[in-house]
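Please open the model in a viewer and keep the selection tool at hand.

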Amino acid sequence: MLPRIFWAGDSTVKQNDHTSFPQTGIGQGLPLYLKKDIVIVNRAENGRSTKSFIEEGRLKKIDLEIQKGDFLFIQFGHNDEKPDPERHTDPFTTYQENLATYIRVARNQNAHPVLITPLYRRLFDEKGKLVEKTHLDYPLAMKEVGEELQVPVIDLCSISKQLIQEAGPEKSKDWFLHIPAGRYPNFPDGKQDNSHLQYEGAVFFAKIIADGLRRLGSFYESLLLPLDQEVEDSKLLID
């Protein structure tokens with residue numbers, strides 16, 4: 001049986017449908033870089049933190065489905081920092097403890113956990129520079145867990161920060177959910193959203209995940225298409 005990729009995460013990687021179009025999760029962009037027979041089981045959901053995802057039984061459902069040789073991609077951070085008690089975790093205590101729980105679920109089923117730091121927020125100051133540490137200490141805390149438990153970490157946060165800064169305040173709008181009024185029925189008044197992506201952004205940032213898997217080599221790289229078959233320009237996919 002071919003391996004499957006399970007996603008545990010929030011809205012930035014969620015599988016969207018027509019009711020939220022053109023919002024697109026990174027998990028939707030990733031298949032463009034994967035071998036065609038790789039199945040993705042995307043359990044990510046809007047607004048979830050490591051805590052709420054567990055308490056709502058979503059990790060338990062993954063535990064019942066995931067099998068030997070599968071992959072569990074674990075991406076959280078946007079909502080763990082929220083102040084409400086249903087979601088909030090402390091980066092160096094409860095957040096790390098929860099991440100360890102996800103890792104145990106994968107390893108208990110002989111699956112492969114992969115930690116993915118959260119996508120950087122598109123927040124520029126008046127000088128056109130990205131605001132520092134939009135995810136506070138959560139990315140660092142995740143990397144510490146990866147090092148301690150010997151789990152690979154794809155640092156989407158740091159890499160996306162660099163790419164967003166290089167693109168600048170205007171170009172980066174093409175990746176995020178910055179849309180004018182009247183263009184899409186789901187957002188009749190338009191949208192100025194610096195956390196969520198539209199299609200081009202989902203494809204663009206999914207490549208960071210693909211590149212990270214390729215660098216890991218071995219069975220991680222075996223999920224991917226050869227480099228010469230990758231889509232080089234995401235705009236080709238939406239023209």
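Begin with the largest nonpolar core, which has 35 residues; select Ile26, Phe73, Phe205 and Ile209, the members that touch the most others. A nonpolar core here is a set of buried Ala, Val, Leu, Ile, Met, Phe, Trp, Tyr and Cys residues joined through side-chain atoms within 4.5 Å. Buried means under 20% relative accessible area, exposed over 50%, and partly exposed in between, with a 1.4 Å probe and protein chains only. Next, colour the elements that give two or more residues to this core: strand S1 (4–8), strand S3 (71–75), strand S4 (112–116), helix H6 (156–171) and helix H7 (199–216). H7 gives the most, with eight residues. Helices (H or I, at least four residues) and strands (E, at least two) are DSSP runs, numbered from the N terminus.

This is a predicted model: local features need pLDDT of at least 70, side-chain atom pairs count only at pLDDT 80 or more, and totals for chains, interfaces and linings use all residues. Residues are numbered from 1 along each chain as its sequence is written, and side-chain values use heavy atoms, with hydrogens and water left out.

Now centre the view on Ile209. Leaving out residues up to four places away in sequence, Ile209 touches Ile26, Leu30, Phe73, Ile116, Ile154 and Leu156; contact means heavy atoms within 4.5 Å.

Turn next to the strands. In which order do the five strands of the open sheet lie? The order is S2-S1-S3-S4-S5, with parallel pairing. Two strands pair if DSSP finds at least two bridges between them. At the edges are strand S2 (39–42) and strand S5 (153–154), each of which pairs on one side only.

Select S1 within this sheet. On one side Arg4, Phe6 and Ala8 are buried, and on the other Ile5 and Trp7 are buried, so that both faces are covered. S1 pairs with S2 over four bridges in the parallel sense, and Ile5 stands opposite Ile40 in S2. S1 also pairs with S3 in the parallel sense over four bridges; here Trp7 stands opposite Phe73. Moving on, S3 and S4 are joined in parallel by five bridges, where Ile74 stands opposite Leu115 in S4.

Leu177 has Asp193 in S7 as its bridge partner. Phe176 and His178 on one side of S6, and Leu177 and Ile179 on the other, are all buried.

The following stop is helix H4 (residues 94–108), where Arg107 is found. Arg107 counts as partly exposed because its relative accessibility is 38%. Beyond its neighbours within four places in sequence, Arg107 is in contact with Pro113, Leu149, Gln150 and Val151. Gln96 also lies in H4. Is Gln96 buried or exposed? Gln96 counts as buried, because its relative accessibility is 16%. Its contacts, not counting residues up to four places away in sequence, are Asp90, Pro91, Ala141, Glu144 and Val145.

Finally, select Tyr120, Lys133, Leu136, Pro139 and Cys157, which lie nearest the centre of the second largest pocket among its 14 lining residues. Helix H5 (138–149) and H6 each supply at least two residues of that lining.

Conventions. On a 1 Å grid over the protein atoms alone, a cavity is a set of points where a 1.4 Å probe fits but cannot get out, and a pocket is an open set with protein on both sides within 12 Å along at least five of seven lines; lining residues have an atom within 4 Å of a point.
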